[in-house]
Amino acid sequence: MKAAVIVFPGSNCDRDCKTAIERSTGANVEMVWHGETELPGGLDLIVLPGGFSYGDYLRCGAMASLSPVMAEVCAAAERGVAVAGICNGFQILCEARLLPGALLRNASLQYVCKPVDLEIANGQTRFTAGFRGRREARMTVGHGEGNYFADEATLDRLEGEGQVVFRYRSNPNGSARSIAGIVNERGNVLGMMPHPDRAFEPELGSEDGALFFQSVLASA
Amino acid sequence: MSPPAKSLAETAVEFGLKPEEYQIIVRRLNREPNFVELGVFSVMWSEHCSYKSSRKHLAKFPTTGPRVIQGPGENAGVVDIGDGQACVFKMESHNHPSFIEPYQGAATGVGGIMRDVFTMGARPIALANALRFGDPGHPKTRRLVAGVVAGIGGYGNCVGVPTIAGETNFHHSYDGNILVNALCVGLADTDKIFYSAAPGPNLPVVYFGSKTGRDGIHGATMASAEFGEDAEEKRPTVQVGDPFAEKLLIEATLELMATGAVAAIQDMGAAGLTSSSVEMAGKGDVGIELDLDCVPQREEDMSAYEMMLSESQERMLAILKPGREEDARRIFEKWGLDAAVIGRTTETGRLVLTHGGAVVCDIPLGPLTQDAPLYDRPWVEPAVQAHLDPADVPPPADWSAAVLTLMGCPDVASKRWIWEQYDRHVMADTLEEPATAADAGIVRVHGTRKALAIACDCTPRYVAANPFEGGKQVVAEAWRNLSAAGADPIALTDNLNFGNPERPEIMGQIARAIDGMAEACRALDFPVVSGNVSLYNETAGQAILPTPAVAGVGLIPDYARRAGFASMRDGDALLVVGTSHGELGASLYLREVLGREDGAPPPVDLEFERRNGDFVRGLIRSGQVSTAHDLSDGGLIVAAAEMALASNVGVELSPTSATHAHGFLFGEDQGRYLIATADPAPILAAAHAAGLNVALAGQAGGSDFACHDLFRIPLARLREIHEGWMPAYMAGSAPVS
């Protein structure tokens, strides 16, 4: 099994994602600089990590969505490779139109860092199958702009098609319908604000993030 | 900027130099300095850069020890944490800028301290901060809190270094001078530490990072003066931070260092290009020539004076090994950073600057660094408060109300509103207790079983009441907090915040507080490895409470054996380690419940401090105890209540002394810990054998926080009060005094 973590200027969870994947799955993880125009061959998972790509001085993720490597990420998604955007990665996937909707400033207008209890709204995806029917997970969030927004029709469709994967038990940021993570229609591109890359060992407060990475690589 | 019409001697005074200091410059140069040279002298001889008022007293600190690799004098202190690894850390203030422009002032404080750490070759792995604000009722306080917290978070969160510890106090003495002290801790290999001394002449000097603009000119001078009524007008001297640039700078610097191209390196902090170039050349005993036309500039027509005094952020100066310019260029290009070779080291021992083809400064380096003025300022023995006997202090009229008052007072109330705005989990090595309840912030040393514990401490009301005893307490509490987490205290960094040192009573506070701190450092084998002094924290003659803050760093050999205070279980016995006399002088009980600020602070018996701490740490290391909390502000009541709230288990306290229950429960006697255990007998026996005082103080269980017939408060009610104050205050709906 093989995974790649894309490193944008300003990514700051790139090492965390690498560590989390390695320790949870033993997979080989390559770090790919955003300026690359080719991805390593044979990838089972591409992760867009958290951070503040390009400082997020424009809309979060807007600059990174135009990085050279993103054309390759889009092409890989088209081929069915699993793509997971975590935090800033979720924002980038929305800006790249690989996922619907947008992430607005938190309703509190403040950055929020805290553990969150999640409902696994769809346990059948390739990102959640490893939870084996469990309906809840615990991870942490850390973001200023995690307030998921989409129009009502899109939200209805996401819910109707089982594309809502994670929901907050207690909404920390004002997200529409308490949405914490979604997948695309095909089920291979996921975006989520909570950090599985900060919840992969008991000392970190939760091991549920390890199940997340194990799910996606088991399905590869 | 063209030289003004007034005389240079007058300009010198405007730049913050004393007339007699200007005369020293003239004598050393054998001529009058020109405008650029005067600017260079004025910042290098500012209090901020030269420590001219405090240096004599700072020399009292012990600065060496078996683990110390680098003590004060470099960008940060360096201590050995075993296995070829070193911990690099320093604390620094950004008080004056944060008062004027709280967001940028605090943000750039965080940026500056991170640069001090990665400049030495260390990757920053943790941040902490110690904040002091004015009375919550003061019209500026709320805005300052909001701005400072947002600034600290905005910078640290973006760079991606977890903020894991801190403390926040409120007191009217900070109404006109808030304190923002930021700590950064980094990790390096012991054989890859980088220093600032230029190793020799004829080496290229490289500038990299952000471009130089007109921001922050004379910031170091501002930080070395009192505020008058015109503080707001100083806003243009506050710098603007760019955390994205800092993140790139960290990665580029560490990558450049890994290539082996760097011979010496220094960040451009206070006094920017001036202090970095002067210190690198001065420490290396060489000269330096800079061509200012090569400096990357953000604005047009910048003068030599402006470039040398700019405090634009996120800039570095490196001296490369010969022929390594290409390695450097490649890395800077990858990270999109501006960079240029702007000069070289020389054999002349002089600072020579050219601009527009002309020499605009040519002065010997010696006077700038070694000959900076050193003052033995006159001081008077500070007046100290008299001891208070518990019998002379009334018990509360209403016990429940007193407990709730303490738990909801601004200094004790939960600071969740603050720390939930800081990313404390990035880097995935922060050990998350439920609600992060421990006396120290703890981060793992990546990829090992080791962890570092970090604690920031100072109790300004104790230092004000008795600078010597209060100084001892500052160091002892940091040491105690690390011990309560199960760490071996290794070393500390200090951040000494005081008023105007030209006033003998303030200088007396400085001298005696340092005496006390130094005594505690020696007794506890807890050396000072870095530090910062912030003086002139006063406005219109009103000085802050003396606030010599410290941050201690400790090592946990195996993070499985550590302690917090959120793990108490139903049925656990609560034990107090240490002796309780009921010291109520300068206590929170006195201030918050009785409205008095008198009395001597609790004395610190350093021998028992050490023995009690070693005992508790031993219990944690042997796996006998994993729930421990130091007793400090508010005494046993507050410690037990915090433990109950964090563990979500009730507590029934049992005071041992019926006559002065309030002394036992609210007293702030030092050197004490509260531990919870299911099996107290062997611990009591071990304490008895060691000749230490350990006594049963209560029992965990139920859902009330209670003490016999004195009070019984449902945990939910206690939580509501403890968690409620800060969010309500920030929303503008809390009582403010």
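## An exposed loop residue in chain B

D83(B) lies in the loop between strand 2 (77–80) and strand 3 (85–93) of chain B; helices (H or I, at least four residues) and strands (E, at least two) are DSSP runs, numbered from the N terminus. With 10 C-beta neighbours inside 10 Å, D83(B) counts as exposed. The terms are set by the number of other C-beta atoms within 10 Å of a residue's own, placed from the backbone: buried at 20 or more, exposed at 12 or fewer, and partly exposed in between. The C-alpha atoms of D83(B) and T190(B) are separated by 9.0 Å, although the two residues are 107 apart along the chain.

## Model and confidence

This is a predicted model, in which local features need pLDDT of at least 70 and side-chain atom pairs count only at pLDDT 80 or more, while totals for chains, interfaces and linings use all residues. Residues are numbered from 1 along each chain as its sequence is written, and chains are lettered from A and ligands numbered from 1 in the order in which they are written.

Chain B has a mean pLDDT of 93, with 95% of its residues at 70 or more; pLDDT is the predictor's confidence in each residue, from 0 to 100. For the complex, the predictor gives an ipTM of 0.97 and a pTM of 0.95.

## The sheet of chain B

Chain B has an open sheet of 6 strands in the order 1-2-3-6-4-5, with mixed pairing. Two strands pair if DSSP finds at least two bridges between them. Strand 1 (68–70) and strand 5 (163–170) of chain B are the edge strands, each pairing on one side only. Neighbouring strands of this sheet are turned by 20° against each other on average, direction ignored; axes are lines fitted to C-alpha atoms, for helices over the stretch in contact, and angles run from 0 to 180 degrees between N-to-C directions.

Strand 2 and strand 3 of chain B run antiparallel and are joined by 4 bridges. Within strand 3 of chain B, V88(B) is the residue opposite V78(B). Helix 7 (residues 102–118) of chain B packs on the sheet, where it touches strand 3, strand 4 (123–133) and strand 6 (179–189) of chain B. The direction of helix 7 makes about 25° with that of strand 6 of chain B. Contact here means that the C-beta atoms of two residues, placed from the backbone, lie within 7 Å.

Helix 11 (residues 272–284) of chain B has 13 residues, which at 1.5 Å a residue should span 18 Å; its end C-alpha atoms are 18 Å apart, which agrees. The expected span is 1.5 Å times one less than the number of residues. Of the 13 residues in helix 11 of chain B, 12 are buried, so the helix is largely enclosed by the rest of the structure. Among them are L273(B), V278(B), E279(B) and M280(B). D285(B), with a positive phi near 60°, follows the helix.

Strand 14 (residues 441–444) of chain B is covered on both faces: G441(B) and V443(B) are buried on one side, I442(B) and R444(B) on the other. In a regular strand the side chains alternate between the two faces of the sheet. Strand 14 is joined by 4 bridges to strand 15 (residues 451–457) of chain B, and the two run antiparallel. R444(B) has A451(B) as its bridge partner in strand 15 of chain B. The two strands form a hairpin with 6 residues between them, and G447(B) in the turn has a positive phi of about 80°.

## The sheet of chain A

The open sheet of chain A is formed by 9 strands in the order 2-1-3-4-11-10-9-6-7, and the pairing is mixed. Strand 2 (28–33) and strand 7 (136–143) of chain A stand at the edges with a single partner strand each, so one side of each is left without a neighbour in the sheet.

Strand 9 (residues 164–168) and strand 10 (residues 179–183) of chain A run antiparallel and are joined by 3 bridges. F166(A) stands opposite G181(A) in strand 10 of chain A. Helix 5 (residues 208–218) of chain A packs on the sheet, touching strand 3 (45–48), strand 4 (82–86) and strand 7 of chain A. The direction of helix 5 makes about 100° with that of strand 7 of chain A.

## Positive phi in chain A

Most residues other than glycine have a negative phi. C87(A) has a positive phi near 60° and lies in the loop between strand 4 and helix 3 (88–95) of chain A. C87(A) is buried, with 30 other C-beta atoms within 10 Å. R132(A) has a positive phi near 50° and is placed in the loop between strand 6 (112–120) and strand 7 of chain A. R132(A) is exposed, with 9 other C-beta atoms within 10 Å.

## The contact between the chains

Chain B gives 22 residues to the contact and chain A gives 24 residues. On the side of chain B that touches chain A, helix 8 (141–159) and helix 10 (243–258) of chain B each supply at least two residues. That side of chain B divides into 11 nonpolar, 6 polar and 5 charged residues. Ala, Val, Leu, Ile, Met, Phe, Trp, Tyr, Cys and Pro count as nonpolar, Asp, Glu, Lys and Arg as charged, and the others, Gly among them, as polar.
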